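This report describes selected features of the structure shown below.

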Amino acid sequence: MPDWLATLLISLVKAVLVVLGLLTTFAYMTLVERRLLGRMQLRPGPNRVGPMGLLQPAADAIKSIFKEDLNVTLADKLVYTLAPIVAIGMALTAFGGLPAGPAGSLFGENPWVYNLDAGILALLALTSMGVYGIFLGGWASGSKYPILGGLRSSAQMISYELGMGLSILGLLMLVGTTSFNNTFNSDGTLRALGFVGWQAENGWLILFQALGFALFLISSFAETNRTPFDLPEAEQEIVAGYLTEYSAIKWALFQMAEYVNMITASAVMATLFFGGWKGPQFLNGLIPGISDWPLVWLIAKIAFFLFLFIWVRATLPRLRYDQLMRFGWKLVLPLALANTVMTAAFLAFRGQGGLWFLSILSFAALAALLVMSDRVRVLWNQPTVRREGDVRLGGGD
Amino acid sequence: MLLVALGIGIVAVIASAILGPKRRGSRTKLMAYESGNDPEGGVGTGQRFPVHFYLVAMLFIIFDIETAFFYPLAVAYQKLVPFAFFEAITFVLLLLVGYVYILKKKVLEWA
């Protein structure tokens with residue numbers, strides 16, 4: 001077997017494994033979400049299908065495959081069918097670049113499907129391709145509510161993508177690379193520390209970029225269309241948004257894409273801000289080598305963020321659309337820029353040493369923001385006063 | 001990875017098309033959703049949308065290009081300081097002028 005064929009086969013096997021793993025996680029994620037939401041509202045979640053409801057995801061999957069696949073009369077057949085495929089394809093692909101361990105730790109293979117020097121850029125590009133799936137799905141349905149939902153969704157996702165892209169600039173400045181792993185020259189010498197390597201040496205980036213992390217967290221909630229930003233599929237407001245005309249497996253594929261995006265966002269936050277697959281170093285004093293346990297740390301961190309997603313869903317009410325856009329454009333965007341400028345100024349005038357100062361600066365900014373949040377809310381959230389004679393730009397939506 | 005991921009979607013759709021019931025839907029069943037009324041508006045009926053969506057997309061392109069310019073600067077930043085800092089500040093200030101302009105024009109007010 002030639003070398004390239006072996007490489008190809010191995011990455012194919014890994015891709016299949018990752019995809020199957022993600023789909024299983026998605027299936028059980030729905031169950032865990034329903035059970036947890038139940039717990040939070042003092043009721044049991046699904047508990048009839050199998051012990052503790054463990055077969056509920058299987059039942060759901062089988063049901064959605066055997067349901068009738070409707071094609072609404074006015075729908076654009078081709079795009080209507082392709083949109084969910086695009087959505088799920090992009091969502092699944094985005095996960096493959098994230099490392100789950102050091103090179104060669106997966107039975108002698110690398111624990112990632114593809115490794116790019118521009119890992120973060122590829123990830124952002126792939127997640128934003130998801131917008132196409134959602135908007136085209138809404139448009140191709142040939143009905144009013146899906147179009148409204150699709151428009152709202154695409155406007156929301158591209159707005160928060162800006163916040164997302166800008167809030168990681170501080171990280172890029174600190175780390176000086178866009179790749180998740182350390183990169184090596186052909187002779188095996190270290191070329192650049194990746195995100196995981198940098199954090200293993202200097203400490204988790206959340207310590208130095210608390211404000212950036214807060215903005216990234218908010219943006220990723222909005223990117224994945226989760227509450228409090230799940231306007232595109234606001235059931236009580238515009239039926240189900242872009243999902244209204246979808247039934248059977250196509251609907252399930254959109255749901256799948258949303259949850260896979262959630263998992264990816266969690267993994268990205270874990271990798272960028274919380275040290276990736278490396279555990280806290282000080283624990284090595286208690287149990288030697290615990291910070292290098294393969295996969296355990298990454299999965300624990302992902303699980304934590306997924307829990308956060310569910311917790312927030314059970315806690316916060318949805319934003320109105322104008323509040324959502326105002327929040328994205330007038331708060332997240334300038335603050336992300338301010339965070340970038342703050343980091344840039346620090347790096348320019350204090351050099352490499354004294355990272356703790358940046359840490360204090362960042363936490364102080366975050367704390368100031370939280371303390372002032374009531375004031376900020378009043379400032380940014382006041383209803384638009386429309387005086388007589390003001391030109392009205394648009395009819396809202 | 002992309003092939004496998006897209007393949008999963010295609011397989012799922014085909015499987016559902018094979019396994020699902022294949023009844024011919026009546027006209028009412030295939031009608032667009034409109035709470036039981038005959039649908040009004042939708043694709044090709046000339047329904048109009050707020051220009052806001054267009055504006056947001058336009059601003060997104062502008063600011064996303066800004067972000068794209070920032071990435072290489074951010075990655076190479078530690079090798080270029082402190083000169084790069086003033087370069088970056090100048091660029092940010094120029095964009096802030098535009099940002100303040102759209103704020104004053106109330107483009108971002110969704111009334």
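## Annotated spans of chain B

In this predicted model, residues 51–73 of chain B form a span that is 96% helix and 0% strand, and its end C-alpha atoms lie 34 Å apart. For residues 80–102 of chain B, the end C-alpha atoms lie 32 Å apart, with 91% helix and 0% strand.

Both spans, 51–73 and 80–102 of chain B, carry the feature "transmembrane region" in UniProt, where the entry is unreviewed.

## Gly20 of chain B

Gly20(B) is located in the loop that lies between helix 1 (2–19) and helix 2 (52–75) of chain B. The residue Gly20(B) has a relative accessible area of 6% and is therefore buried.

Apart from neighbours within four places in sequence, the contacts of Gly20(B) are Ile65(A), Phe66(A), Lys67(A) and Ala15(B). Between Gly20(B) and Phe63(B), the separation is 43 residues in sequence and 46 Å in space, C-alpha to C-alpha.

## Packing of helices 8 and 11 in chain A

Two packed helices are described by the angle between their axes and by the distance between the axes. In chain A, helix 8 (residues 210–223) packs against helix 11 (residues 296–315) at an angle of about 65 degrees, the axes being 12 Å apart. Helix 8 of chain A is therefore roughly perpendicular to helix 11 of chain A. The crossing of helix 8 of chain A with helix 11 of chain A is right-handed.

On the side of helix 8 of chain A, Phe213(A), Leu217(A), Ser220(A) and Phe221(A) take part; they meet Phe305(A), Leu308(A), Phe309(A) and Val312(A) of helix 11 of chain A. By class, this contact between helix 8 and helix 11 of chain A comprises 7 nonpolar residues, 1 polar residue and no charged residues.

Note on methods
Residues are numbered from 1 along each chain as its sequence is written. Chains are lettered from A and ligands numbered from 1 in the order in which they are written. This is a predicted model: local features need pLDDT of at least 70, side-chain atom pairs count only at pLDDT 80 or more; totals for chains, interfaces and linings use all residues. Side-chain values use heavy atoms; hydrogens and water are left out. Axes are lines fitted to C-alpha atoms, for helices over the stretch in contact, and angles run from 0 to 180 degrees between N-to-C directions. Helices (H or I, at least four residues) and strands (E, at least two) are DSSP runs, numbered from the N terminus. Angles under 35 degrees count as roughly parallel, over 145 as roughly antiparallel, 65 to 115 as roughly perpendicular and the rest as oblique. A crossing is left-handed if the near helix is turned anticlockwise from the far one by less than a right angle, and right-handed if clockwise. Contact means heavy atoms within 4.5 Å. Ala, Val, Leu, Ile, Met, Phe, Trp, Tyr, Cys and Pro count as nonpolar, Asp, Glu, Lys and Arg as charged, and the others, Gly among them, as polar. Buried means under 20% relative accessible area, exposed over 50%, partly exposed in between (1.4 Å probe, protein chains only). UniProt positions are given in the numbering used here, feature names are shortened, and annotations may be inferred rather than shown by experiment.
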